[in-house]
Amino acid sequence: MDNVVPAGSTATSSTSTSTLGHLALGLTLLAFGVGHTGVIDNVTAADASAVATWVGGVALFIAGLLEFRAGSAGTGTAFAGLGAFWFTWGTGVGTEVSAEAAGLFLLLWALLALTLTVASAGSGLFVQGVYGLLTVTLLLLGIASFAENGGLAKAGGWVGAVAGLAAWYGATAALAKWPAFSRRAAGRGVTATG
């Protein structure tokens with residue numbers, strides 16, 4: 001059973017950091033995904049590089065370090081790992097690499113997303129769903145890069161956009177106290193138990 005956690009405690013701070021981290025992840029995924037879909041004229045995934053570098057990379061990595069400090073190894077690992085991914089991707093946009101190298105990069109990071117999906121089994125529908133959708137996104141984009149298949153890349157973009165919306169909604173629901181599919185929605189993954 002969940003206990004009430006006093007204001008200013010580590011668990012409360014971790015909950016706030018978790019919510020911020022999921023907002024950063026959601027906005028970054030949404031920009032990244034929409035850029036791959038081609039749904040908005042003259043907007044590509046490369047246009048999301050600044051958001052990926054600073055919001056998804058630096059801010060998410062710092063949120064991960066704060067989660068580690070608060071004692072949340074799972075969320076800390078997720079945010080720090082994904083922060084490293086987004087920073088690497090964002091700063092590498094425009095660098096000349098082969099389609100195979102880009103595909104391998106995405107598939108290797110899909111392994112991290114898969115690990116996060118499996119490890120978040122008790123964190124609720126939003127958290128596990130976001131990581132699961134991120135895994136599918138990176139798999140589709142990695143395979144699309146190897147196959148040089150624009151249609152598959154667009155499909156990956158749509159899955160990424162849905163993942164971004166799910167992360168955004170989960171974090172916003174936690175802040176605004178909107179209905180969520182689970183008591184442990186984004187931002188509520190760390191609770192005190194007794």
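**A close look at one threonine**

Mentor: Let's go for Thr137, which you'll find in helix 5. Helices here are DSSP runs of H or I with at least four residues, strands are runs of E with at least two, and both are numbered from the N terminus. Before we go on, bear in mind that this is a predicted model, where local features need pLDDT of at least 70 and side-chain atom pairs pLDDT 80 or more, while totals for chains, interfaces and linings use all residues. Residue numbers start from 1 along each chain as its sequence is written, and side-chain values use heavy atoms, with hydrogens and water left out.

Back to our threonine. Is Thr137 buried or exposed? Thr137 counts as buried because its relative accessibility is 1% (buried is under 20%, exposed over 50%, partly exposed in between, with a 1.4 Å probe and protein chains only). What does the side chain of Thr137 reach? The backbone nitrogen of Gly160, at 3.0 Å. That is a polar contact: N or O atoms within 3.5 Å, one able to donate a hydrogen and the other to accept it, with sequence neighbours counted only if both atoms are side-chain atoms. Leaving aside residues up to four places away in sequence, Thr137 touches Gly156, Val159 and Gly160, along with Phe32. Touching, or contact, means heavy atoms within 4.5 Å.

Helix 5 covers 125-147, helix 6 covers 150-176, and Glu148 is found in the loop between them. Glu148 has a positive phi, near 50 degrees, although this residue is not a glycine. Most residues other than glycine have a negative phi. Glu148 is exposed, since its relative accessible area is 63%. Asn42 belongs to the loop that joins helix 1 (10-37) to helix 2, and with 77% relative accessible area Asn42 is exposed.

Now pick up Phe32, one of the residues that Thr137 touches. Phe32 is part of a cluster linked by ring pairs, together with Phe85, Trp86, Trp89, Phe105 and Trp109. Across the whole structure there are 11 aromatic pairs. One of them joins Tyr169 and Trp178, a tilted pair with 5.7 Å centre to centre and 35 degrees between the planes. Rings of Phe, Tyr and Trp (its six-membered ring) pair if their centres lie within 6.5 Å; under 30 degrees is stacked, over 60 edge-to-face, the rest tilted. Tyr169 counts as partly exposed at 26% relative accessibility, and Trp178 does so at 38%.

Phe68 is partly exposed, because its relative accessibility is 38%. Beyond residues up to four places away, Phe68 touches Ala73, Gly76, Thr77 and Ala80. Phe68 and Ala80 are 12 residues apart in sequence, with 9.1 Å from C-alpha to C-alpha.

Zooming out, the chain has 6 helices and 0 strands. Of its 194 residues, 43% are buried, Thr137 among them. Among contacts with a separation of 6 or more, 69% come from residues 24 or more positions apart.
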